[in-house]
Amino acid sequence: MVEFDKVRRLYQEHQYGVHDKFVEIMSGRVSAHVSAMKKVNWDAPVKDSQAVNPYMETLVKETLTLHKVLSKFLPEMTISMIMDPVFNSYREQLGKGFQDAEAKTSAGKSRMIHDIEFLQSRMSKLEGSAALSQHLLSIVQNKLVAQEPDKSASFAEAKATPAAQVENSSEETSTEKP
């Protein structure tokens with residue numbers, strides 16, 4: 001009986017080691033994708049405003065592939081024991097990536113939101129992904145972007161400025177004369 005307990009304990013340790021390795025691999029993958037995300041110029045004009053950045057497409061694909069493979073061989077509880085730390089790693093690393101990302105325009109901020117909505121729509125069936133998406137959305141939605149100037153208002157100001165300067169200069173000259 002002692003020998004059986006020893007074998008069972010070794011098996012469980014090995015199993016936990018394999019689970020930790022899955023988490024470590026996915027943590028490394030999200031780290032690589034965050035590095036790619038940092039290189040994105042969020043404010044640059046894009047041909048297709050609905051296009052998702054390649055880092056997010058690949059991350060979602062890798063995550064879905066992992067989940068699909070795990071689902072074939074493991075019970076739901078074990079999958080949850082693996083995916084929860086994976087999503088926690090995503091939350092931490094992607095969250096920091098989005099906090100550090102610079103979007104100076106509302107278009108840049110919209111591109112970030114679009115990437116997160118893609119993640120949310122594709123991984124919505126995975127337990128734990130909803131909290132991740134909501135966390136990332138709240139980070140991006142709380143980002144402040146520079147106020148984009150209203151072109152019609154600036155045009156009106158430009159037209160009004162010379163007239164105002166003429167009036168001010170004529171007032172100054174009239175007050176100088178006794």
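## W42 and its neighbours

Leaving out residues up to four places away in sequence, W42 touches M37, N53, Y55, F98, A101, E102, A103, A107, G108, R111, M112 and D115. Keep in mind as you look around that this is a predicted model.

## The nonpolar core

W42 also shows up in the largest nonpolar core, which has 36 residues. Along with M56, Y90 and F98, W42 touches the most other members of that core. Which elements give two or more residues to it? They are α1 (2–38), α2 (54–73), α3 (76–100), α4 (106–122) and α5 (129–141). The biggest giver is α3, with 8 residues. As background, nonpolar side chains tend to be buried together in soluble globular proteins.

## How α1 meets α2

Now for a pair of helices. For α1 and α2, the angle is about 170° and the axes are 9 Å apart. Angles over 145 degrees count as roughly antiparallel, so α1 and α2 are roughly antiparallel to each other. On the α1 side, the contact uses F22, M26, R29, V30, H33, A36 and M37, while α2 brings Y55, T58, L59, E62, T63, L66 and L70. Sorted by type, the residues of this contact are 9 nonpolar, 3 polar and 2 charged.

Take a closer look at H33, which sits in helix α1. Is H33 buried or exposed? Its relative accessibility is 6%, so H33 counts as buried. Setting aside residues up to four places away in sequence, H33 touches Y55, T58, L59 and E62.

## Getting to know α4

Which residues of α4 are buried? They are G108, K109, R111, M112, I113, H114, D115, I116, F118 and L119. What covers these buried residues includes α2, α3 and α5.

## How α4 meets α5

The axes of α4 and α5 come within 10 Å and cross at roughly 175°. That crossing makes α4 roughly antiparallel to α5. From α4, the residues K109, M112, I113, I116, L119 and Q120 meet L132, S133, Q134, L136, L137, V140 and Q141 in α5. This contact of α4 with α5 divides into 8 nonpolar, 4 polar and 1 charged residues.

Note on methods: Residues numbered from 1 in each chain as written. Predicted model: local features only at pLDDT ≥ 70, side-chain atom pairs only at ≥ 80, totals over all residues. Heavy atoms only, no water. Core = buried A, V, L, I, M, F, W, Y, C linked by side-chain atoms within 4.5 Å. Buried < 20%, exposed > 50% of the residue type's maximum accessible area, 1.4 Å probe, protein only. Helix = DSSP H or I, 4+ residues; strand = E, 2+ residues; numbered from the N terminus. Contact = heavy atoms within 4.5 Å. Axes fitted to C-alpha atoms, helices over the stretch in contact; angles between N-to-C directions. Parallel < 35°, antiparallel > 145°, perpendicular 65-115°, else oblique. Nonpolar A, V, L, I, M, F, W, Y, C, P; charged D, E, K, R; others polar.
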